[in-house]
Amino acid sequence: MIEKALKGSSVYWGWIIFLLCLIGAGFMAYLYQLKVGLGITGMSRDISWGVYIAQFTYFVGVAAGGVMVVIPKYLHHYSKYAKIVVFGEFLAIAAVVMCLLFIIVDIGQPMRMMNVILHPTPHSMLFYDMIVLNGYLLLNIICGYNTLLADKKGVPCPGWVKPFIYISIPWAISIHTVTAFLYAGLPGRHFWLTAIMAPRFLASAFAAGPALLIMILLFVRRVTRFDPGMDAIQTVAKTVCYAMIVNLFFMGCEFFTAFYSQVPGHMHTLEYLFSGLDGYGELVPFMRGAIVIGLFGVFLLLVPTIRRNPKWLAVAAASVFLSTWIDKGVGLVIGGFIPNPFETITEYHPTFPEITIAAAIWGVGGLIVTILYKVAIAVREEQAA
Amino acid sequence: MSMDRRKFLKAAGLTALVGLGGKGAFELLRPGKVDAEMGHKDHGEEVHGDKKSRSKVRLAMLIDVMALNKKNIEKIVHTCHYLHNVPNWGDPKDEIKWIWEDEYEHVFPDSYNEYNHILKGMPFLLMCNHCDNPPCVRVCPVQATFKRPDGIVAQDYHRCIGCRFCMAACPYGSRSFNWLDPRVHLRIEVAEGRKLNKSFPTRMRGVVEKCNFCVERLAEGRPPGCVEAAPDAMFFGNLADPNSKVRSILRERVSLRRKLELGTKPSVFYLI
């Protein structure tokens with residue numbers, strides 16, 4: 001099937017070349033990082049995780065979000081998702097690969113990576129993260145590839161794939177739960193030490209992943225002969241709306257606990273992120289913007305006439321994606337380190353090589369999505385013809 | 001290979017410590033024997049290692065804040081960083097710290113009392129707390145940081161993958177990461193007249209490090225470098241032994257420990 005990715009328009013090839021350039025530039029930057037060390041990034045003794053881990057966290061969510069089309073299709077037999085469920089799975093594949101790459105570029109001794117397997121450590125959440133992420137990648141490859149192959153042949157999906165599909169549903173929940181547990185079990189990091197970290201991660205994941213899926217499907221609908229079905233897209237939009245409302249509600253819960261209790265440790269990071277603390281507040285415009293954009297997105301999705309308009313729907317999905325990205329892909333990880341254990345503040349400024357490396361991983365994700373979607377769309381177009 | 005080294009280190013360290021017991025400026029081991037001879041019993045104070053091991057040794061450091069001054073602080077920090085070949089990057093972004101000075105309000109941010117003018121602005125020495133319940137050990141995915149039977153939280157620079165999970169987990173900011181190659185910088189410092197301690201290894205970039213309670217010196221029967229540098233301000237000994245010098249000091253002096261509410265059970269005490 002993969003050969004279908006080799007036939008495309010000049011725009012298609014232009015896009016592929018653009019992504020390859022992005023990846024190439026990031027690869028050079030990574031070689032530089034390997035040679036000199038992680039000191040080339042903006043990370044420091046106080047902000048010991050930065051763009052890489054923040055992006056990792058966000059894309060675990062995008063990967064888990066794919067389950068929002070898998071559940072209706074396989075647990076509720078919602079037939080309108082029959083044609084798009086494979087796109088959810090392929091998006092998850094790309095997102096998990098990005099996650100794994102973000103981890104690899106973040107560790108100081110990548111050649112020792114296998115130590116995680118050589119010295120398995122069940123009391124470390126990172127050990128479980130390794131298992132669930134790799135497992136989820138494998139599950140989505142199995143499920144995505146086989147369902148598409150069956151579609152191509154015009155036969156029902158083979159029976160042995162079904163158990164893998166069912167396992168992939170709780171597994172999707174597990175990847176983001178474990179990722180939340182990386183943060184939510186650390187004493188002394190007040191901002192992360194919250195029992196609703198995992199639920200909030202899942203809510204934002206079920207908003208962000210499907211929002212990205214909507215954007216891509218609307219694009220696919222415009223530029224290819226394959227129509228994913230406006231009904232299906234509308235249903236995904238409703239899922240995004242619910243999930244985003246729950247996400248904003250959870251965020252409000254965090255604010256309530258912090259500011260009604262008035263416990264300084266609980267308030268400090270929120271103050272830093274949303275109003276500035278001790279004269280520091282570089283993230284304030286972004287975090288406030290995230291709330292405004294998120295509410296705007298929810299408003300667009302709530303009003304049926306607006307939601308049914310594909311252009312406004314694209315704006316709504318982009319708003320939700322951007323809002324959750326700022327909240328989780330920037331504020332959450334950086335905020336956890338501010339203030340530091342001495343209640344002083346060091347701010348974080350990612351460097352050019354660091355951003356180049358992160359952009360390259362986005363490029364890898366884009367390339368995987370492009371190739372897998374190209375194949376899937378070609379199969380769908382054949383079916384329609 | 002690395003497993004063997006680790007086991008060897010654990011065994012060697014303990015044996016050396018046991019051999020030391022009862023001699024020198026700081027007494028360490030044989031608490032069980034002493035207990036039996038003196039008829040002492042531990043009255044349920046929180047001194048032991050984790051419940052399962054019921055270790056008879058738990059090494060602890062006492063820092064007499066009242067005896068600290070600019071001069072001995074500088075000597076302590078210099079001694080430690082010399083002994084362990086800690087580079088002096090001069091830039092807070094890249095810096096490595098094993099022991100360093102900070103003010104009361106930063107050391108005890110959760111119990112800071114603005115009306116306490118005695119402690120306000122007073123210099124404290126910060127180091128790894130060698131917690132009895134260390135979160136860094138809990139989160140490390142490769143057991144590169146681990147707790148020895150004597151309570152020392154050790155770091156294996158040869159196994160560490162540099163994920164920095166331990167830095168996020170440590171509530172005391174005690175851990176440093178080698179963002180750049182420390183050997184490159186040490187070479188520059190040597191050219192500028194710094195001396196290297198040839199008996200202690202330098203590290204490579206991309207791994208985490210911190211205070212090790214001078215485990216390499218303990219193995220030779222010598223006290224930690226900071227204690228030797230300021231014997232009237234730093235005291236080291238076995239917290240699990242009710243008859244030890246550190247326990248008798250703790251019975252007489254008021255002491256503070258950092259962020260006790262987190263349940264990490266620090267082994268560093270501040271005498272005030």
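Okay, chain B: ten helices and ten strands in this one. Keep in mind as we go that this is a predicted model. Chain B has 272 residues, and 48% of them count as buried. If you take the contacts in chain B between residues at least 6 apart in sequence, 69% of them join residues at least 24 apart.

Let's look at a sheet in chain B. There's an open one with four strands, and reading across you get S8-S1-S10-S9, with mixed pairing. On the edges sit strand S8, residues 234-238, and strand S9, residues 255-256, and each of those pairs on one side only. Now find strand S1 of chain B, residues 59-64. S1 and S8 of chain B run antiparallel to each other, with five bridges between them. If you want one pair to click on, take B:Ala60, whose bridge partner in S8 is B:Gly237.

One more strand pair in chain B before we move on. Strand S3, residues 123-127, is mostly covered, with four of its five residues buried. S3 pairs with strand S2, residues 99-103, in the antiparallel sense, again through five bridges. Here B:Trp100 is the residue standing opposite B:Leu126 in S3.

Next, where the two chains meet. The contact takes 32 residues from chain A and 40 residues from chain B. On the chain A side, helix H5, residues 115-118, and helix H6, residues 125-153, each supply at least two residues. H6 of chain A gives the largest share of that side, which is three residues. By type, the chain A side divides into 13 nonpolar, 15 polar and four charged.

You'll find A:Gly39 in the loop between helix H1, residues 10-36, and helix H2, residues 51-65, of chain A. Is A:Gly39 buried or exposed? It's buried, because 21 other C-beta atoms lie within 10 Å, and the cut-off for buried is 20 or more. Leaving aside neighbours within four places in sequence, A:Gly39 is in contact with B:Asp94, B:Trp179 and B:Leu180. A:Gly39 and A:Thr351 are 312 residues apart in sequence, yet their C-alpha atoms are 10.0 Å apart in space.

Staying in chain A, let's go to the core. In soluble globular proteins, nonpolar side chains tend to be buried together. The largest nonpolar core here has 189 residues, and the members touching the most other members are A:Ala63, A:Cys99 and A:Val240. Helix H4 of chain A, residues 85-106, gives this core its largest share, 17 residues. What does A:Ala63 touch, leaving aside its neighbours within four places in sequence? The answer is A:Ala92, A:Ala95, A:Val96, A:Cys99, A:Tyr136 and A:Ile175.

After H10 of chain A comes A:Gly276, whose phi is positive, near 95°.

Last stop is H11 of chain A, where A:Val298 sits. A:Val298 counts as buried because it has 21 C-beta neighbours inside 10 Å. Leaving aside neighbours within four places in sequence, A:Val298 is in contact with A:Cys241, A:Met244, A:Ile245 and A:Leu248. And how far is A:Val298 from A:Ile16, C-alpha to C-alpha? They are 282 residues apart along the chain and separated by 33 Å.

Terms used. Residues are numbered from 1 along each chain as its sequence is written. Chains are lettered from A and ligands numbered from 1 in the order in which they are written. This is a predicted model: local features need pLDDT of at least 70, side-chain atom pairs count only at pLDDT 80 or more; totals for chains, interfaces and linings use all residues. Two residues are in contact if their C-beta atoms, placed from the backbone, lie within 7 Å. Ala, Val, Leu, Ile, Met, Phe, Trp, Tyr, Cys and Pro count as nonpolar, Asp, Glu, Lys and Arg as charged, and the others, Gly among them, as polar. Two strands pair if DSSP finds at least two bridges between them. A residue is buried if 20 or more other C-beta atoms lie within 10 Å of its own, exposed if 12 or fewer, and partly exposed in between; C-beta atoms are placed from the backbone. A nonpolar core is a set of buried Ala, Val, Leu, Ile, Met, Phe, Trp, Tyr and Cys residues joined through C-beta atoms within 7 Å.
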